[in-house]
Amino acid sequence: MKKIAIVAYSQSPCVSQAGASNEVELIMPRLREVFEQAGLGNAQDVDFVCSGSCDYLQGAAFAFVSGVDALGAVPPIQESHVEMDAAWALYESILKIRMGHAESALVYGFGKSSPGELPIVLSQQLDPYYLAPLWVDSISLAAMQARLMLDSGVISEADMASVVARSRKNALNNPKAQLASQVTVEELLAEDTFVAPLRRHDCCPISDGASAMIICSEEKAKDWGKPYALITGIDHRIETHNLGMRDLTDSTSTRAAAAGAGAGSGHIDVAELYAPFSHQEIILSRALGLREETQINPSGGVLAGNLMMASGLSRVGEVFNRIITGEATRGLAHATSGPCLQHNLVAVIEGPA
Amino acid sequence: MANNSAVLAAVVGIGQTKYQTKRGDVSIAGLVREAAVNALQDADLTFDDIDAVVIGKAPDMFEGVVMPECYLTDALGCNGKPMFRVHTAGSVGGSTALVAASHVQSGTFKRVLTVTFEKQSESNAMWALSSPQPFSVHLNAGAGGYFAPIIREYMRRSQAPYDAGIKVAVKDRLHGARNPLAHLHLPNITMKEVEESMMLWDPIRFLEACPSSDGACAMVIVSEDVAQQSPKPPAWIRGCAMRSEPTMYAGREEVSPQAGRDCAADVYKQAGVTNPRKDFDCAEVYVPFSWYEPMWLENLGFAPQGEGWKLTMEGATSLDEGGDIPWNCSGGVLCSNPIGASGMIRFAEAARQVRGDAGAHQVDGAKLALGHAYGGGAQFFSMWVVGAEKP
Amino acid sequence: MSEQQDMITDIKTPVYLQYNFTAGKSPARFLSQIKRGILTGQRCPSCSNVYCPPRGSCAACGVATQEEVVLSGKATVESFTIVAIPIPGNPIKPPFVIANLVADGANISFIHLMSDCVNEEVHMGQRVEAVWKPQEEWGYAMDNIKYFKPLDEPDMPLEDIGKRALSGRGE
């Protein structure tokens, strides 16, 4: 599979409320940064643009159309959009480059979740006849999944708190993180439950913002002369929508996607996993068979800040950042969508040979 | 731009549902599965043969299901496989076909199922299109209210006769009467009836506007080697293009958007088309309001600027009148409009023509056809060229 | 003993979602002014075009609009339609005119109502001016302007619409 280079990445600081800043205004600074990093002027300088967002976050049909206003799309550009996390917009862009219709692409994701009540909005992702009318929010579904894991003894509450403690600590080194602190497992376990068995800290925060990335063919990256990392494999899989028909304590689609992306063919220095809930990080790392030596979520992960519709792309970006600084030579980035890890994407990113 | 290293891909299966105002007999899952099963049967393949599924639809508010690919994976046999969902407003049916094709053309997959749909009877499409937004003036203008002033400007510039739109409205409904799947069957429609129908957004009359339909359209797109094995003739994908421009900017040409012209130029170049009127045998073009036929005839280079209405008036685009460049033999968007699927229906109907599989609305001997879709404020365009022969 | 029951063929599942909407920075500046009865546009620092109402960026250039330009409330009809479908919650009765209007000093059009006019006499190039609601009804929205009505001024040549700067100098 043709290798794809990442040459630039930028992310908003994760804030709980962007306030008087609309989507276009959240996107523009991120685009400015990636264009500068890559030595480009604007969207006219790439061959393809693809974005990811969700109208329901804003509460308006066609909300994504305003994103095009951030691009400078005059003269007209080759542009597309997915109503999914921008990690899938990255996937679409990679296909475009592989088929020879583009040598470079701008990918961005954005979301202002603060206006709505995100967990309740996400309840409407469920089967409209049987499940959505029950209005089961995304936190409650995750809580049931955590309950399954605790009751079957595959994890303990302390395991979950450890994930959070590590996230908070790692996030101290991430200037974009929303939640960062030094906190012990004991301190965390002392807190009241929120949606039992989940405590508030077991759930990712709601964050407004955007992230952007520029990718291109390896030849182009060499032409531009900027530091780059290579996506050597990318794959995604979805599982049945019926929660009762899945083993919610495992993630078979993540395992399959990782295999498809060739994750197992080398060491993994760093893994950025999109785990909106602490117990899900454990599910994912076990499904991926990650070893002791792999650093998981050095950015703090999504528990430190969750740019809805951009968090998946951000995981790829965080691995990219660590490769071009030399902190890591090979990494894995994961994105998820749907209730309880229904749909999963895995990308393998390496330094140039 | 890169050299074209694309794998050759083809459409080997097409499936549609009957379009009507309300498909009360199926759930959303049932609707998409109906189209998917039809497409697989047409391709003589099963769900197990499919490597990946790409779905597309217009805003989720039209049904009230957020990110419906999560819910629909089971109905589309996609468990354990890659699932993808495209959303580019009204052009989504076309863009979805292009993204599905890219899954094959990139060499990533060999057999892809793509489905687009809208079950807009489940929600309220008019509301979703014009819901009051904070701090904005609520005019409930809808699509018609947006396009009518642009049509008025076209009429002024071209000095077209007042009934060019009426002629299209009649022609497309007569075409639709040949298509058992079409929503509107108006075989006895006349110019007089259209002219006397209620003026909704002057100059758009009721019978010059598209209906609101439930429906789904599916295709199976495969690589060259798989297409060779296919029992029915493939429709070879000869060109694919998409272009976008902003909704609004100073000096924007709204009557014949630059994005449409650029997109057409790109897809024609790929397919080796230099004279669209002559090189194509037919075209399926997104015409939701009758006047968009003369406007798109110009935008797509079938007629010189200002003269699109002449082709319409002389019957060049009419199958019934033996025109040399029939447009929308299926009845087009004016007969059936499940918004998320309409673009793909254009692409699929173009493919049906070059497979010789368009039944009573077949253009004899059609070898090369254009599929076209547009959306948003006439700002998103997707197009493809399909042919009976390989390039 | 089970009774014969009718098949359930559909269900009604109302969806209520609440959103606290915050306008973007550029729109918020525009709305604060319109609350005071002042119509403004914002200029793109790159191409100098003035956007009314501003949306956050100059879409052609992909940069934020900056400099505020106060507009007079006079405008020109770029195009229009006569609408037969009523607006929920609005007392205006069909058939009424919705027009694409370019405010004097702006370079793009916005959509608004026209009234106090003879629908059949509305035409492109026609000069109009804003009719505001009573001050006590002003909120943060463009509909502080109830509608636009014809102005007794000569038509603007169609090729000039959206092209003239406020001072009257051409580009």
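Predicted model: local features only at pLDDT ≥ 70, side-chain atom pairs only at ≥ 80, totals over all residues.

Mentor: Residues are numbered from 1 along each chain as its sequence is written, and chains are lettered from A and ligands numbered from 1 in the order in which they are written.

Trainee: What makes up the secondary structure of chain A?
Mentor: Chain A has eleven helices and twelve strands. Helices (H or I, at least four residues) and strands (E, at least two) are DSSP runs, numbered from the N terminus.

Trainee: Why is chain A called as compact as a globular protein of that length?
Mentor: The radius of gyration, taken over C-alpha atoms, is compared with the globule rule, 2.2 Å times the number of residues to the power 0.38. For 353 residues the rule gives 20 Å and chain A has 19 Å, which is close, so the description holds. The C-alpha trace of chain A spans about 55 × 45 × 40 Å along its principal axes.

Trainee: How does chain B stand against the radius of gyration of a compact globule?
Mentor: A compact globule of 391 residues would have a value near 21 Å, and the 19 Å of chain B agrees. Chain B holds 14 helices and eleven strands.

Trainee: What share of the residues of chain B count as buried?
Mentor: The share is 69% of 391 residues. A residue is buried if 20 or more other C-beta atoms lie within 10 Å of its own, exposed if 12 or fewer, and partly exposed in between, with C-beta atoms placed from the backbone. In chain A, buried residues make up 68% of the 353.

Trainee: Why is Val99(B) called buried?
Mentor: Val99(B) has 29 other C-beta atoms within 10 Å, so Val99(B) is buried. Val99(B) sits in helix H3 (residues 92-105) of chain B. Apart from neighbours within four places in sequence, the contacts of Val99(B) include Ser80(A) and Glu92(A); a contact needs C-beta atoms, placed from the backbone, within 7 Å.

Trainee: How do you know that the length of helix H3 (residues 86-98) of chain A agrees with what it should span?
Mentor: The expected span is 1.5 Å times one less than the number of residues. For the 13 residues of H3(A) that comes to 18 Å, and the end C-alpha atoms are 18 Å apart, so the two agree.

Trainee: Which element gives the largest share of the side of chain A that touches chain B?
Mentor: The contact takes 52 residues from chain A and 54 residues from chain B. H3(A) gives the largest share of chain A's side, five residues.

Trainee: Why is H6(A) called roughly perpendicular to H10(A)?
Mentor: The axes of helix H6 (residues 157-171) and helix H10 (residues 278-287) of chain A come within 8 Å and cross at roughly 95 degrees. Angles under 35 degrees count as roughly parallel, over 145 as roughly antiparallel, 65 to 115 as roughly perpendicular and the rest as oblique. That makes H6(A) roughly perpendicular to H10(A). Axes are lines fitted to C-alpha atoms, for helices over the stretch in contact, and angles run from 0 to 180 degrees between N-to-C directions.

Definitions and conventions. Contact = placed C-beta atoms within 7 Å.
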